[in-house]
Amino acid sequence: MILVKEQEQGSVEWLASRKATFNASECGALFECSPFTPKNQLELAHLKYGELTIYENQAMRDGTDAEPIIRERVEKLYNIVLEPLVACMDSDIRFRASFDGITLDEDIICEIKNSKHTYDKCKEGNIPKHYYLQMQHQFLISGAKECIFAVRNPEDDDVFTTIVKPDNKVMEEIHLKWLEFENTYKDKELPPLEREDIDWELPALKLREINSRIKELETEAKEYKETLVSLADGKPSKGFGVSVYPTKRKSTDYKKLIADNNIDTDAYMKESVSWSVRVS
């Protein structure tokens, strides 16, 4: 493992260096399972070899601000000293990782997140795949024996930790997939990120127009519903084809059920694919 000179996050030098390397945090896009931009290999290719730029948002800033606090709590919990650093692989400096913490003997690394959603998933025993791949990439760089995955719930400041072990098969898959990615996209004409043909343009613009009208009507309908509920004054009421009445629902808190009974949900997981249309 070779240490990389520290650079200010978000600086021109930092961005340029990330374009030239295979970074652990990009593994989700590499395997097309990232919920963030870049989400897939095409967006990742435009980020590295094209003009796509990702700007820091408030969630990123909050995570950066919380990192030292979470790291200190992990150090106390495990009685270790962790040092954040950036390093690349001895045998191929294109492979790089930013460690939120690593021990002096390099046996233990730490990956820190600050997210209510990730916290809830981990409490259920489900580490998000894109983060698991990120940690396996870090094992590839560091040769560490274990990773402490620490996730803070920003709503109540609780920190959940779990230990992740290296998986040689996954690490080899990551290594090969990065090389295939570079061979596919580097120094090649990149496919456009968005379709620009007229066959797509006409129905897309029409859908956006309809969606805008729907939102306006939903807002107007909400105002009238609230007025009628207020006029009902807590009593079932009906008139001119419109009824106002109370409804009661019961539901099971499956997250709490799983957590309280320590249920392993892997055996009950199923995967399906459906197509959604999102209008921006």
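Helix α8 has 35 residues and spans 51 Å from its first C-alpha to its last. That is close to the 51 Å expected at 1.5 Å a residue, where the expected span is 1.5 Å times one less than the number of residues. The model is predicted: local features need pLDDT of at least 70, side-chain atom pairs count only at pLDDT 80 or more, and totals for chains, interfaces and linings use all residues. Residues are numbered from 1 along each chain as its sequence is written, and side-chain values use heavy atoms, without hydrogens and water.

**Helix α8**
- α8 covers residues 198-232; helices are DSSP runs (H or I, at least four residues), numbered from the N terminus.
- Just after α8, Asp233 takes a positive phi of about 55 degrees.

**Second largest pocket**
- The volume of this pocket is about 1300 Å³.
- The lining counts 26 residues, and Leu193, Glu194, Trp200, Arg278 and Ser280 lie nearest the pocket's centre.
- α8 gives the most to this lining, with seven residues.
- α3 (41-49) also supplies at least two lining residues.
- By class, the lining has twelve nonpolar, five polar and nine charged residues.

**Arg71**
- Arg71 sits in helix α4, residues 58-78.
- Arg71 is buried, at 11% relative accessible area (buried means under 20%, with a 1.4 Å probe and protein chains only).
- Beyond residues up to four places away in sequence, Arg71 touches Leu82, Pro84, Asp100, Gly101 and Ile112 (contact means heavy atoms within 4.5 Å).

**Pocket terms**
- A pocket is an open set of points on a 1 Å grid over the protein atoms alone, where a 1.4 Å probe fits, with protein on both sides within 12 Å along at least five of seven lines; lining residues have an atom within 4 Å of a point.
- A volume is the space filled by probe spheres set on the points, which are joined across faces, edges and corners.
- Ala, Val, Leu, Ile, Met, Phe, Trp, Tyr, Cys and Pro count as nonpolar, Asp, Glu, Lys and Arg as charged, and the others, Gly among them, as polar.

Terms used: Buried means under 20% relative accessible area, exposed over 50%, partly exposed in between (1.4 Å probe, protein chains only).
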